[in-house]
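Work through the exercises below with the sequence and the 3D structure open. Each task is followed by a solution in steps.

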Amino acid sequence: MRRFAELLERLAFTPARNGKLRLLTDYLAAAPDPDRGWGIAAITRDLTLDAVKPAMLRALTEARVDPELLALSHDFVGDLAETIALIWPPTPGPVADPPLAEVIDRLRGASRREAPQVVERLLDRLDASGRFALLKLVTGGLRVGVSARLAKQALADFGGRDVTEIEELWHGLAPPYLGLFAWLAGTGPKPMPRAAAPFRPVMLAHALDVADLAKLDPADFLAEWKWDGIRVQAVSDAGGRRLYSRTGDDISGAFPDLVDALAFDATLDGELLVRRPDGSIATFSDLQQRLNRKTVTAAQLARYPAHLRAYDLLQAGARDLLAEPFAARRAALEALGATLDPGRFDLSPLLPVASWDDLAALRAAPPDPVIEGVMLKRRDSPYVPGRPKGLWFKWKRDPHTVDAVLMYAQRGHGKRSGFYSDYTFGVWTEDGALTPVGKAYFGFTDAELAEIDRWVRSNTTERFGPVRAVRAEPDHGLVLEVAFEGLARSARHRSGLAMRFPRIARLRWDKPPSEADTLETLEALLPEG
Amino acid sequence: MDVRPARPKPNVMHAADLLVPRPEGLYCPPGDFFIDPTRPVARALVTHAHSDHAIAGHGAVLATRETLDIMAIRLGAGFAGTTQTAVRGETIGLGGATVSFHPAGHVLGSAQVAVEKDGFRIVAAGDYKRSPDPTCAGFEPVRGDIFITEATFGLPVFRHPSPLGEAQKLLHSLAQFPERSHLVGVYALGKAQRLIALLRAAGHAGPIYVHGALRRLCDYYASRGVDLGELPDATVGRGRARDFAGQIVLGPTSAFAGPWVRRFADPLIGFASGWMQVRARARQRGVELPLVISDHADWSELTATIDELDPTEVWVTHGREEALVRWCSLAGRRARPLHLVGYEDEAED
């Protein structure tokens, strides 16, 4: 338990992806089976133990600690689980370091009624960081900034394998993944992917370098729109029906409407979108209402019905199409597509492209807001997991840009230590004030970073820990040209807007802040509805 | 002879005569001196040399030899009109009162001050801790009618983990990230030297680089017999950032916010402070490696010390007075907050 608690603690404070990966691989190397498997399951949330409610934990603690002291402490610390972990009075006897597996076993074995008592006994045996880990486990709030994707990458790194291999296997596995670890350690056979409705690792595109177009022959390629939804794989066979994310996470639970409609024996690759009540395809911000949920309500199903726009076919009945050329897979997809429920499925249409000029023209004027660019796929490309070179290309549309004013700068980490490298920027409101509309921390060179840093230091108006407010007045301030992919309404932001993928496109030292854009300009970019 | 009507709480009456809180600090009318005044006064008794307790400009200062030395290093030789060295345990008469200095275990030279008159004694502990620290003399329990305790970490959530374990955490990270410079923010007086001693105890024999702001105090500790090992300057020539990969560098956290830190290879920033116990505090400061190492008594030490000394009354000053006073009342002890102003929780920069 101590090792797992330490891992959680380090992960929570380590911002960099590579740092997190090293912490995870070191943990996998150091922790024994079955603890490490349970540790990974807790982090990827394949294991959830909503065993105890916070109110119950508070009651357990108030039986040990004066409620007034608990309240004063909670005020100071902020987080209830952390407060309890720290305040839980030491009991006589040595601190124990029970294996994580034993702790999880007890919690899983306990009934609702027994759970508080089991938790109480564990709290008595663990040290403060163990108690913190325990409380986060039982309240289901681990939040250490590790995605399932990153955990799979760590497993791949640990075993010296490609991450697509892990993704392919993942759904046949259950914690504590003993077979997986045996294989990764070289002491066991490779686990078989799940027999029923298995996931097949997806094929990804490279970003197109426009300069390379001249070397490519349009006749070798098929072109499609690039849709702004999420990439999914829909699998249906005699063993079951499943919807997977592009990294192999099973997201069937969030999309029962679509899963119910998988009335075929095939594996489709496509874009998950949602429809509006009038049947048209809705934008990404509507789709987000259905993402990252374990379950879904009837109201959500009715309001944002799920839709699959298919663009590839990996398997149909007994026919495995992975090795076949894309053109052949496309033909088979079109045959299958004709039999599917048009209310749930359609095919991503092929674009008439005789020359690269045709493609550029289509890309410049897409007919639908749910399009974020174009895709090029070689007619002869087999379906290769990962990101093979030279087969598929994506060419995104030019980003939106806005001239915004730098308002706050935050110090960076690691290689950016000592530099103000994270920028909050704003635009003008009707009443002449700036309202923050986003945050960007890349898109500039090291030399530009040094310049901005110098400017921030000599134009600071206020400091809040690692953050500085800077001068942002109509005639004095720094204007940033910010590029972004899209805009959505957001109740969580003061401006009511959330930018997708904002980054610094240019520093506008030449431009006075008074000439920066207004909130009205941004609002005009919002999708309707 | 002072004749007064009998009062139901004679000790409290007596106490108020012996030490009273004033805007400048705690004042002793019969002795005409202040303890750790935060403004210049005619006569000051200084418990330790941290800047919120030891300022320049007093007429006369009475303190331990180390505290006087460190004040001279930090504030300049003429920091006071006159100085007088207090010897551990020795009684000194000041006006109508007597005082004595006793080790507080906080930093080198730190002392508690016992003030006595007519057999009635108040012990002002200043900042103190009970956990072992090889860089300074350990806290000496001194019984008195009234015990004045600090309450910097006066909440039951503060139970500092083993400081050696925290030092090992740093060494573990060094082994895990050997390409990164490990920069640890420390307070120049006390924390720096204690962390170095802990790292030595944890088996780190190699160089520990120090920022210029720590140099003189580290040298002073060494001159007082505190062996800290090899402490080269954290200065680099051009383009030699890699020299510090996998090395420990100590500096004031204020330096980490500025250009100084850019000379190091992919810095991993740590901070050694009791406040690192609280995650929000560590996150707020952008710390990647929080090390919970404190030179102040934690909750267990505060409460155990009060129980051990068993004073008639406890006065609680700077920090979380409310919680410690609450604990005293639950334990059936008389206690009150002093509400002195001007002392920092624990200097963070």
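**Exercise 1. Burial and overall form of chain B**

Task: What percentage of the 349 residues in chain B is buried, and how does the radius of gyration of chain B relate to the globule rule?

Solution. The model is predicted.
- Step 1: Buried residues account for 52% of the 349 residues in chain B. A residue counts as buried if 20 or more other C-beta atoms lie within 10 Å of its own.
- Step 2: For 349 residues the globule rule gives 20 Å, and chain B has a radius of gyration of 21 Å, which is close, so chain B is as compact as a globular protein of that length.
- Step 3: Along the principal axes, the C-alpha atoms of chain B fill a box of roughly 75 × 45 × 30 Å.
- Step 4: Chain B has 9 helices and 18 strands. Of its contacts with a separation of 6 or more, 59% are between residues 24 or more positions apart.

**Exercise 2. Overall form of chain A**

Task: Which radius of gyration would a compact globule of 529 residues have, and what is the value for chain A?

Solution. 
- Step 1: A compact globule with 529 residues would have a radius of gyration near 24 Å; the 26 Å of chain A agrees with this.
- Step 2: The box filled by the C-alpha atoms of chain A is roughly 80 × 70 × 45 Å along the principal axes.
- Step 3: Of the 529 residues in chain A, 40% are buried.
- Step 4: Chain A contains 19 helices and 19 strands. Among its contacts between residues at least 6 apart in sequence, 69% join residues at least 24 apart.

**Exercise 3. The contact between the chains**

Solution. 
- Step 1: Chain A supplies 26 residues and chain B supplies 34 residues.
- Step 2: On the side of chain A that touches chain B, the elements giving two or more residues are α2 (17-30), α5 (67-77) and α6 (80-87) of chain A.
- Step 3: α5(A) gives the most to that side, with 6 residues.
- Step 4: The residues on this side of chain A divide into 10 nonpolar, 9 polar and 7 charged.

**Exercise 4. The nonpolar cores**

Task: Which residues of the largest nonpolar core touch the most other members?

Solution. 
- Step 1: In soluble globular proteins, nonpolar side chains tend to be buried together.
- Step 2: The largest nonpolar core has 168 residues, and those that touch the most other members are Val115(B), Val184(B), Leu195(B) and Leu250(B).
- Step 3: Helix α9 (residues 128-139) of chain A gives the most to this core, with 7 residues.
- Step 4: Take Leu250(B) and leave aside its neighbours within four places in sequence; among its contacts are Val184(B), Leu195(B), Ile208(B) and His211(B).
- Step 5: A second, separate core of 51 residues includes Tyr244(A), Phe284(A), Leu321(A) and Trp395(A).

**Exercise 5. Helix α2 of chain A**

Solution. 
- Step 1: At 1.5 Å a residue, the 14 residues of α2(A) should span 20 Å, and the end C-alpha atoms are 20 Å apart, which agrees.
- Step 2: Gly19(A), Lys20(A), Leu23(A), Leu24(A), Tyr27(A) and Leu28(A) are buried in α2(A).
- Step 3: An α-helix has 3.6 residues a turn, so residues three or four places apart point the same way.
- Step 4: The buried residues of α2(A) pack against α1 (2-13), α3 (35-44) and α10 (148-159) of chain A.

**Exercise 6. Backbone details**

Task: Where is Pro34(A) placed, and is Phe501(A) buried or exposed?

Solution. 
- Step 1: Pro34(A) lies in the loop between α2 and α3 of chain A. A cis peptide bond joins Asp33(A) to Pro34(A), with omega about -5 degrees.
- Step 2: Pro175(A) and Pro176(A) are also joined by a cis peptide bond, with omega about 5 degrees.
- Step 3: Phe501(A) is not a glycine, yet has a positive phi of about 55 degrees. Phe501(A) has 11 C-beta neighbours inside 10 Å and therefore counts as exposed.
- Step 4: Asp32(B), not a glycine either, has a positive phi of about 50 degrees. With 14 C-beta neighbours inside 10 Å, Asp32(B) counts as partly exposed.

Conventions:
Residues numbered from 1 in each chain as written. Chains lettered and ligands numbered in written order. Contact = placed C-beta atoms within 7 Å. Helix = DSSP H or I, 4+ residues; strand = E, 2+ residues; numbered from the N terminus. Nonpolar A, V, L, I, M, F, W, Y, C, P; charged D, E, K, R; others polar. Rg over C-alpha atoms; globule rule 2.2 N^0.38 Å. Buried ≥ 20, exposed ≤ 12 C-beta atoms within 10 Å, placed from the backbone. Core = buried A, V, L, I, M, F, W, Y, C linked by C-beta atoms within 7 Å. Expected span 1.5 Å × (residues − 1).
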